[in-house]
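Please keep the sequence and the 3D view open while reading.

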Amino acid sequence: MNHPAVDPADDARYLALKAHDARFDGSFFTGVTSTGIYCRPVCRVRVPRRENCRFFTLAAQAEQAGFRPCLRCRPELAPGPATWSTHDASGMLARQAARLLDDPAAWSDATPPMTALAARLGVSDRHLRRIFEAQFGVSPLQYLQTRRLLTAKQLLTDTALPVTRVALASGFGSLRRFNAAFTAHYGLNPTALRREGRTHEGQGVTVRLGYRPPYDVGALFSFLARRSIESVEFATGATSDALLGRTLRLRTGGRSHTGWLTARFDCTRPAVLLQVSDSLGEVLPLVISRVRAWLDLDADPAVIQACLSPETRNAAGAPGGDLAGLRVPGCLDGFELGVRAILGQQVTVAAARTLCQRLVERFGEPLPTPWPALSRLFPSAEVLAQASGDALGQLGIVRQRQGAIVALAKAVAEQGLTLDANADVPATLAALKALPGIGDWTAQYMAMRALRWPDAFPAGDIALQKALGVDSAREAEQASQAWRPWRSYAVVRAWHRGPTPDANENTISIADYDQPTLG
C-alpha cells in the first residue's frame with residue numbers, strides 16, 4: 001500500500017478517532033496499514049499508531065486502496081455521507097450521483113446505466129465519470145460495488161435470510177457472481193459472517209442502523225406520535241425506549257411488497273434497531289433506505305449547526321446546542337405523505353389526522369401482523385385514483401381537496417410522478433404545483449419530507465412567519481437566504497419553538513387555494 005503525503009486535516013481525524021467521537025461517524029473511515037482493515041471513528045478496538053493510519057471519505061475509497069471492512073465496528077452501519085454539505089458545483093454533482101447510486105433500485109447486476117444517470121444530472125457520461133473519480137478517487141462502478149457488498153455484509157451478519165436471497169437483494173444476478181465478488185473483495189466466504197441467535201423466521205429480521213449524535217429523539221417521536229393513524233402506525237414509550245411501528249407497501253420492479261416494521265432507538269450506541277417482517281425481506285435494502293430517510297439518520301448535525309448559527313439565534317434555533325439534535329421527519333411513502341399534506345391544508349393536526357383515519361378505514365387494505373396496533377395499509381394510489389367524489393365527501397373531505405387527492409393519485413398511479421428522495425426536485429415541484437389544489441406550501445412541505453430536500457422552505461406558512469417575526473411570504477423568503485442549503489432544518493426549528501403545541505405547519509396553507517376563504 002502506498003503512503004501519500006500527510007494531509008493536515010488528517011490530524012483532526014485522528015483526534016476524533018482517538019475519542020471514538022460518534023459525531024464523525026460516516027464522515028470518514030480509517031485504514032490501518034498494519035492490519036489491512038478499515039474502521040469507523042467509533043470503533044472500540046485499540047487505537048492504531050498515527051503513522052499506520054490512512055483516512056478516507058468513503059468506504060469505497062478504502063476498499064479501492066486494498067483495505068477490508070472491520071468485522072467489529074462494521075462500516076456498513078455508518079450513517080451515509082452528507083450529500084448537501086458542500087456548495088462546490090463539482091463536489092455537489094459527484095455527491096448527487098453517489099446519492100442516486102445509493103438507491104437500491106440502481107443495484108442491478110448488469111452494468112448500471114451511467115448514460116441515464118448522467119442525463120438525469122444534466123451532464124455527459126464522460127464528464128460524470130471524470131468528476132466522480134476526481135472527487136472520490138474511485139469510479140461510479142467501484143462505488144456501486146462497495147455499496148452492494150457492504151449491504152450484503154449487513155444482511156449476512158444480522159439476518160437469517162438465505163444467501164441466495166441476500167445476493168439478489170443486494171443487486172447480484174446470481175449466487176455465483178455474488179460469491180466471487182465477495183470473496184475477491186473481502187477474502188471471506190459469505191457464510192463465514194453468519195451469527196448465532198438471529199431472529200427466527202416468522203418474527204421478522206432485525207438490523208442495526210447508525211446515526212450521528214446529537215439526535216433529539218423526543219422531538220421526532222412527538223412529531224410522529226401526534227400525527228399517527230390508528231391501525232397504520234403507532235408510537236409508544238418515552239425517549240429512552242421510544243418504539244415506532246408502521247405498516248408499509250413498497251413497489252419495485254413491477255411488484256408490490258407489503259408488511260410491517262418497527263424502529264427502536266438505542267441512544268447509547270447510537271443506533272436504531274429496525275425489525276422488518278419476513279414479507280419485506282426480499283426488498284430489505286430498500287426498506288433500510290426508506291427508514292434512514294424517514295428518521296433522517298444520515299443528517300450531519302455539525303455541518304447543519306454551523307450554517308444555522310448564529311444567524312438563526314432568534315428564529316431557527318439557539319447556537320451551540322439545544323436544537324442541534326432536531327431532525328427533519330421524513331416518510332416511508334411519498335404518496336401517503338402527499339395525501340396527508342393535502343388533508344392538512346388550513347386545518348389543525350388533530351383535524352387532519354381525523355380525516356386520514358377515516359380515509360384509511362374506508363379505503364385501506366387489511367394486513368395481518370403480530371402487532372395488534374398494526375392492521376391496515378394506507379390506501380394505494382391506484383385505489384384513490386378511482387375514488388368517487390361522493391365517497392370522499394362522506395368522509396368530510398371538501399370538494400377541492402377531493403380533486404387534489406384524486407389528481408395526485410392518478411399522477412402517481414400512472415408512474416408519471418415519483419415522490420421519493422431520488423426524484424428531480426425542481427421538476428417534481430413544478431409537476432406538483434400543476435395539479436389542482438396543490439400550491440407552493442403543499443409542494444414545499446412534500447419536498448421537505450418526501451423528497452428529502454434540505455433546502456425546502458414553505459414561506460407562506462403563517463406559524464413560520466410568526467416565528468421569524470415577518471408579515472409576508474416574501475419577507476420570510478428573504479430572511480431565509482442565509483440558511484441555505486439547510487432551510488428545511490431552520491423550518492423545523494422554528495416550528496419546534498412555536499407558541500403553542502398545535503400551532504405548526506398544518507395550520508395554514510392559504511397559497512394552495514384559489515379561494516383562501518375556504519376551510
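Predicted model: local features only at pLDDT ≥ 70, side-chain atom pairs only at ≥ 80, totals over all residues.

Strand β1 has partners in β3 and β2. With strand β3, residues 53-56, β1 pairs in the antiparallel sense over four bridges, and within this pairing T30 stands opposite F55. With strand β2, residues 37-39, β1 is joined by three bridges, again in an antiparallel arrangement, and here the bridge partner of T30 is C39. The strands β1 and β2 form a hairpin with four residues between them, and G36, which lies in the turn, has a positive phi of about 75°.

## The chain as a whole

The chain contains 21 helices and 11 strands, and of its 519 residues 56% count as buried. Among the contacts between residues at least 6 apart in sequence, 69% join residues at least 24 apart. The chain exposes about 21,600 Å², of which carbon and sulfur atoms supply 51%.

## The five-stranded sheet

Five strands form an open, antiparallel sheet in the order β5-β9-β8-β7-β6. Because β5 (205-210) and β6 (233-236) stand at the edges, each with a single partner strand, one side of each is left without a neighbour in the sheet. On average, and with direction ignored, neighbouring strands of this sheet are turned by 30° against each other.

Within the sheet, strand β8, residues 255-266, pairs with strand β9, residues 271-276, in the antiparallel sense over six bridges, and the bridge partner of R264 in β9 is L273. Helix α9, residues 217-225, packs on this sheet, where α9 touches β6, β7 (243-252) and β8, and the direction of α9 makes about 65° with that of β7.

## Two helix pairs

Two packed helices are described by the angle between their axes and the distance between the axes. For helix α12 (residues 334-343) and helix α13 (residues 349-363), the axes come within 9 Å and cross at roughly 130°, and the two helices are therefore oblique to each other. Their crossing is right-handed, and the contact is made by V339, R340 and L343 of α12 together with A352, L355, C356 and L359 of α13.

Helix α17 (residues 425-433) and helix α18 (residues 440-449) pack at an angle of about 145°, with their axes 9 Å apart. The crossing in which α17 passes α18 is right-handed. On the side of α17, the contact is made by L429, L432 and K433, while α18 contributes D440, A443, Q444, M446 and A447.

The C-alpha atom of S309 is separated by 10.0 Å from that of A482, although the two residues are 173 residues apart along the chain.

Methods:
Residues numbered from 1 in each chain as written. Heavy atoms only, no water. Buried < 20%, exposed > 50% of the residue type's maximum accessible area, 1.4 Å probe, protein only. Contact = heavy atoms within 4.5 Å. Areas by Shrake-Rupley, 256 points an atom, 1.4 Å probe, with all protein chains shown as cover. Pairing = 2+ DSSP bridges. Axes fitted to C-alpha atoms, helices over the stretch in contact; angles between N-to-C directions. Parallel < 35°, antiparallel > 145°, perpendicular 65-115°, else oblique. Left-handed = near helix turned anticlockwise from the far one by under 90°.
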